[in-house]
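User: Please examine the strand pairing and the charged side-chain contacts in the structure shown here.

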Amino acid sequence: MKLLKFTSQTCAPCKELTKVLYDLLPVDFNHIELIEIDVTVDKEAARDWNLKGVPTLILLDEMGEEVSKMVGYRGVKPLSQFLRGEL
């Protein structure tokens, strides 16, 4: 699986999300490949994925199809649930 993480350098929730992801992924979700995209640098990717805001996480299956999307950062528990496919 792949996780697209759309962020911006000036976004405080994005920075917090990054810290938590770097803690969670290697321990509990090491099967998920993280792909980080800065929307201020790659505006075309933001447009292509029809983003409404940052941070946005998009979980993709092995075929590259969108499984789920999360906009905003709501804390560790909702993030873990999202990565498990429970949200």
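User: In which sense do S1 and S2 pair, parallel or antiparallel?
Analyst: In this predicted model, 6 bridges connect S1 with S2. One of the residues involved is Leu4, whose bridge partner in S2 is Ile35. Together with H1, the two strands form a right-handed β-α-β unit. The sense of the S1 and S2 pairing is parallel.

User: Which residue of S3 is the bridge partner of Leu3?
Analyst: S1 is also joined to strand S3, residues 56-60, by 5 bridges, and these two strands run antiparallel. Within S3, the bridge partner of Leu3 is Leu59.

User: Which residue meets the side chain of Lys5 in a salt bridge?
Analyst: Lys5 belongs to strand S1 (residues 2-7), in which 5 of the 6 residues are buried. The N to O distance of the salt bridge is 2.9 Å.

User: Is Lys5 buried or exposed?
Analyst: Lys5 has a relative accessible area of 1%, and the cut-off for a buried residue is under 20%. Lys5 is therefore buried.

User: How many residues apart are Glu16 and Lys19 in helix H1?
Analyst: The side chains of Glu16 and Lys19 form a salt bridge with an N to O distance of 3.9 Å. Glu16 is partly exposed at 36%, whereas Lys19 is exposed at 52% relative accessibility. Both residues lie in H1 (residues 12-28), about one turn of the helix apart, a separation of 3 residues.

Notes. Residues are numbered from 1 along each chain as its sequence is written. This is a predicted model: local features need pLDDT of at least 70, side-chain atom pairs count only at pLDDT 80 or more; totals for chains, interfaces and linings use all residues. Side-chain values use heavy atoms; hydrogens and water are left out. A salt bridge is a side-chain nitrogen of Lys or Arg within 4 Å of a carboxyl oxygen of Asp or Glu. Helices (H or I, at least four residues) and strands (E, at least two) are DSSP runs, numbered from the N terminus. Buried means under 20% relative accessible area, exposed over 50%, partly exposed in between (1.4 Å probe, protein chains only). Two strands pair if DSSP finds at least two bridges between them. A crossover is right-handed if, with the strands pointing away from the viewer, the path from the first strand over the helix to the second runs clockwise.
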